[in-house]
Amino acid sequence: MSEYHGCELLEDLFYDLDYVWVRPEEDGTLTIGITDPAQTMSGRLQKARIKKVGTHLEAGRHVATLESGKWAGGVPVPFAGEVMDRNEKLLEDPHLINIDPYNDAWIARVKPDDPAHALDNVSTGNVAIAALEEWIKRYGVQCMRCSE
Amino acid sequence: MEPIDQIMQHDHERLDQLLEQGAEAVSQGAWPEAAHLLETFRHGIVDGHMAVEESTLFPAFERQKGDEAQSLTALLRKGHQDLRIFFEEMAEAIQEQDAETFDDLLSTVQTILKQHDAKEENELYPILATALTDHGEAAGRRILDFEAEAES
């Protein structure tokens, strides 16, 4: 794991180089969440809406919308696919995203329509980390992680 | 002609009203009218308001303020990018006559617009008259032309 301006960035995840991280699972689904700098920029999240299981999404469409007192935005999927599971805990307590954005606060698991090309529009490793550091600089983010 | 900051602020108000009218049509189940109002709103905000900001106003602000402008204009451009997707999703909800999804999207979009517009009105628009060589006349004229087109 690397850290930049207090933001945790995991080298083994895939990123859309904006808000979203993607983790391939053994069953062929791809888990989606938002990054540490994105959760910091959003502020304390108060509302989360996640698309229902079975919903089909084209690439770029929002699998979830999040709102805090100062921010609202969508969580786009970087590939087309069907929602197979969603994190029900976030519907009750969206603030979990501010506490543990990479683990407990995953948002949805999506089965890609075209597994061979599902990761074509995301980056990983050092290339991704360098691009995310540029993102953090561009938006002037200094990360803070909530403990509860 | 009004100063550019006033023209842009009034355009925000006009577009907010159009969106409200579209939402009202959805609540009444007047789907064709809702589709027409949302498309009028989308055309005005995406092809008019945002296009003028991205092509003229943001670059002028960046020239005037240098590096310190970067985080604001990056945030505003990102907001436009997100909103364009939400507008497509709202149009799809109307097409599918799905009032529940439309209302969820509307709530998020109105929150985004409220915060986005306040940032523009407080931090960007006040310096436009000095940042633009023609004091914003050409940009203002483009916005007024869009408003006139919507009314015709």
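This is a predicted model: local features need pLDDT of at least 70, side-chain atom pairs count only at pLDDT 80 or more; totals for chains, interfaces and linings use all residues.
The interface between chain B and chain A comes first. It is formed by 18 residues from chain B and 19 residues from chain A. The size of an interface is often expressed as the accessible area that is lost when the parts come together. Here the buried area is about 1,600 Å², and carbon and sulfur atoms give 49% of it. Seven residue pairs are in polar contact between chain B and chain A. On the side of chain B that touches chain A, α3 (70-95) and α4 (99-124) each supply at least two residues. The helix that gives the most to this side is α3(B), with twelve residues.

Side chains of opposite charge can pair when their charged atoms come close. Over all chains, the structure holds 17 salt bridges, and four salt bridges are found across the interface of chain B and chain A. Arg61(A) takes part in a salt bridge with Glu88(B), at 2.6 Å from N to O. This pair crosses between chains: Arg61(A) is in the loop between β7 (56-57) and β8 (62-68) of chain A, and Glu88(B) is in helix α3 of chain B. Arg61(A) also meets Glu92(B) in a salt bridge, at 2.4 Å from N to O. Glu92(B) lies in helix α3 of chain B and Arg61(A) in the loop between β7 and β8 of chain A, so this pair too joins two chains. Arg61(A) has a relative accessible area of 15% and is therefore buried, the cut-off being under 20%. Glu88(B), at 42% relative accessibility, counts as partly exposed, and Glu92(B) counts as partly exposed at 31%.

A salt bridge within chain B joins Arg42(B) and Glu39(B), at 3.0 Å from N to O. These residues are three apart in helix α2 (residues 31-65) of chain B, so about one helical turn separates them. Arg42(B) is partly exposed, with a relative accessible area of 23%, and Glu39(B) is partly exposed at 40%.

Salt bridges also link Asp18(A), Lys78(B) and Asp82(B) into a network.

Five aromatic pairs are found over all chains. In one of them, the ring centres of Tyr19(A) and Trp135(A) are 6.3 Å apart and the planes stand at 80°, so the pair is edge-to-face. Tyr19(A) is in the loop between β3 (14-15) and β4 (20-24) of chain A, while Trp135(A) is in helix α4 (residues 125-139) of chain A, 116 residues apart. Both residues are buried. Trp21(A) and Tyr102(A) form a tilted pair, 6.3 Å centre to centre with 45° between the planes. This pair links strand β4 of chain A to the loop between α3 (96-99) and β11 (108-112) of chain A, 81 residues apart. Trp21(A) is buried at a relative accessible area of 0%, and Tyr102(A) is buried at 3%. Ring pairs also link Tyr19(A), Trp71(A), Trp135(A) and Tyr139(A) into a cluster.

Thr35(A) touches residues from both of the pairs described. It is placed in the loop between β5 (30-34) and α1 (36-42) of chain A, and at 1% relative accessibility it counts as buried. Leaving aside neighbours within four places in sequence, the contacts of Thr35(A) include Tyr19(A), Trp21(A), Tyr102(A) and Asp18(A).

Notes: Residues are numbered from 1 along each chain as its sequence is written. Chains are lettered from A and ligands numbered from 1 in the order in which they are written. Side-chain values use heavy atoms; hydrogens and water are left out. Rings of Phe, Tyr and Trp (its six-membered ring) pair if their centres lie within 6.5 Å; planes under 30 degrees apart count as stacked, over 60 as edge-to-face and the rest as tilted. Helices (H or I, at least four residues) and strands (E, at least two) are DSSP runs, numbered from the N terminus. Buried means under 20% relative accessible area, exposed over 50%, partly exposed in between (1.4 Å probe, protein chains only). Contact means heavy atoms within 4.5 Å. Buried area is the accessible area (1.4 Å probe) that two parts lose on being put together, summed over both. A salt bridge is a side-chain nitrogen of Lys or Arg within 4 Å of a carboxyl oxygen of Asp or Glu. A polar contact is a pair of N or O atoms within 3.5 Å; within protein, one must be able to donate a hydrogen and the other to accept it, and residues adjacent in sequence count only if both atoms are side-chain atoms.
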